[in-house]
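Hello,

Here is the structure I promised to pass on. Have a look at it first, and my notes follow below.

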Amino acid sequence: MKQQGSNRIYTRETDETGKTIIRVVGTNRDENRAFIYMSRHFSQLGLPVPKVLWVSEDEMSYTQEDLGDTLLFDAIKHGRETGNFNDTERTLLERTLRALAHIQIEGARDFDWSKCFPIPAMDERSIRWDLNYFKYCFLKGTKIEFSEPDLEDDFDRMVSNLTAERSYSETVLQQSGLSTQWSFLYRDFQSRNVMIKDGKPYFIDFQGGRKGPTQYDVASFLWQAKANIPASLREELIDAYFDELEKIEISTHQSPITNRDSWKESLKHFVLLRTLQVLGAYGYRGYFERKPHFLESIPNALINLEEIFTQNPELQQEYPTLFLLSKYLPRTTVERRSTDGQSQCPALVVTIYSFSFKRGIPADESGNGGGYVFDCRSTHNPGKYDEYKALTGLDQPVIDFLEKDGEILTFLNSVYALVDHHVERFLERGFDHLQVAFGCTGGQHRSVYCAEHLAAHLKEKYNVQIELIHRERGITKSF
């Protein structure tokens, strides 16, 4: 089976009864032991995880229940790519977060934290590991200069804020007479680590779990770089998740949650920490291990980093050096380098926007200024018709509508001629960035269609890096 981020080897086999099972061969005995213990513990509690069926004598391999081939990541493909999550996708996301609440709280019941790998709890040291992962595996791999003492000051404040959250929650629990047992922190909770079987989510790859706060997993899931979950849907899912937590608190008296407002207030710090951690992971897996899948995720993670500071201005004051870095690490200028120092991306990056004129023309974040802005409003507007109002230029009915009279194709042919000339001259002169923006009334139909088609045209014709941003839809792609 295809490997993802780990060095473990997975194979699908058939047992003596004809039933398929998954064989896992690991490279670290302690990590294997952690997964085996956790799987058996969660299974006994009736939580949705694959059951361990057999373990080798040396504990270097084991077999587990086969949950099929459907990752949640694939099951929400339409929403990830369009920004419009349909009812089925929304239901899957909500079910997953509600199930997470159970594994966090009920899964912590009678849990032997000494079985965790590599450490039993999220503490100051583990937070610093994540922050240093970002500094050494990602930040130092770019050409951005920064003040290391100032960055460490930000790190100190973040450690203080995150550890204070834990101390505060435990104090509230003690005062209320509830158990001070901390929750199970999944650690790498994201849609590629959730399987969907018969419409139900099952959790995999939790061997890095440990004792810790609930916010970290929610941040990991809802701010996953390639998930593209819009802010409004995040809020709905957070409320559904918290509703489930409150039900568990009533039934078990073990939840570490104080109240919804304070929980949400601390969440933003965990979102920032997790974003920095995944940038470190993408840097390590991409720059050093040369895995392109992780390099492709870097622009999305950088967008998340920018949004965190934009949506939470108070964090700009709390972490001023990280805020400045978020401005100097635009998705179009990050050097993706391998260990031999050779660039792994084309020299010219073309950023293509779709947008609504009602919200203004996108700024050029590269600092170069200029670029093209094309007005698509002269072409026939699908948004005037009820059957297309809920769709976008990514949906086939809208594509068919726009192409039927050929008007938008003539428009794009003129665009191609202008932009092609610009790209060729920029490549000749060694320039590193060009921006092209398509605007229409709502930034939903015509501009999205044009941006998609220009991106495909340039990628097929030239050796350039494309950053495609549908601003009003909250979608970003890099290829």
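In α5, the residues Ile127, Asp130, Leu131, Tyr133, Phe134 and Cys137 meet Leu273, Leu276, Gln277, Leu279, Gly280, Ala281, Gly283, Tyr284, Tyr287 and Phe288 of α9, where contact means heavy atoms within 4.5 Å. By class, this contact has 12 nonpolar, 3 polar and 1 charged residues (Ala, Val, Leu, Ile, Met, Phe, Trp, Tyr, Cys and Pro count as nonpolar, Asp, Glu, Lys and Arg as charged, the others, Gly among them, as polar).

A word on the source: this is a predicted model, in which local features need pLDDT of at least 70 and side-chain atom pairs count only at pLDDT 80 or more, while totals for chains, interfaces and linings use all residues. Residues are numbered from 1 along each chain as its sequence is written, and side-chain values use heavy atoms, leaving out hydrogens and water.

Back to the helices: α5 spans residues 124-137 and α9 residues 260-288 (helices are DSSP runs of H or I, at least four residues, numbered from the N terminus). They pack at about 45 degrees, with axes 8 Å apart (axes are lines fitted to C-alpha atoms over the stretch in contact, and angles run from 0 to 180 degrees between N-to-C directions).

Now the cysteines. How many disulfides are there? The count is 0, a disulfide being a pair of cysteine sulfur atoms within 2.5 Å. The sulfur of Cys376 has its closest cysteine sulfur in Cys450, 3.9 Å away, which is too far for a bond. For Cys440, the nearest cysteine sulfur is that of Cys376, at 6.0 Å. Cys376 is buried, at 1% relative accessible area (buried means under 20%, exposed over 50%, partly exposed in between, with a 1.4 Å probe and protein chains only). Cys440 is also buried, at 2%.

Best wishes

Technical notes. Helices (H or I, at least four residues) and strands (E, at least two) are DSSP runs, numbered from the N terminus.
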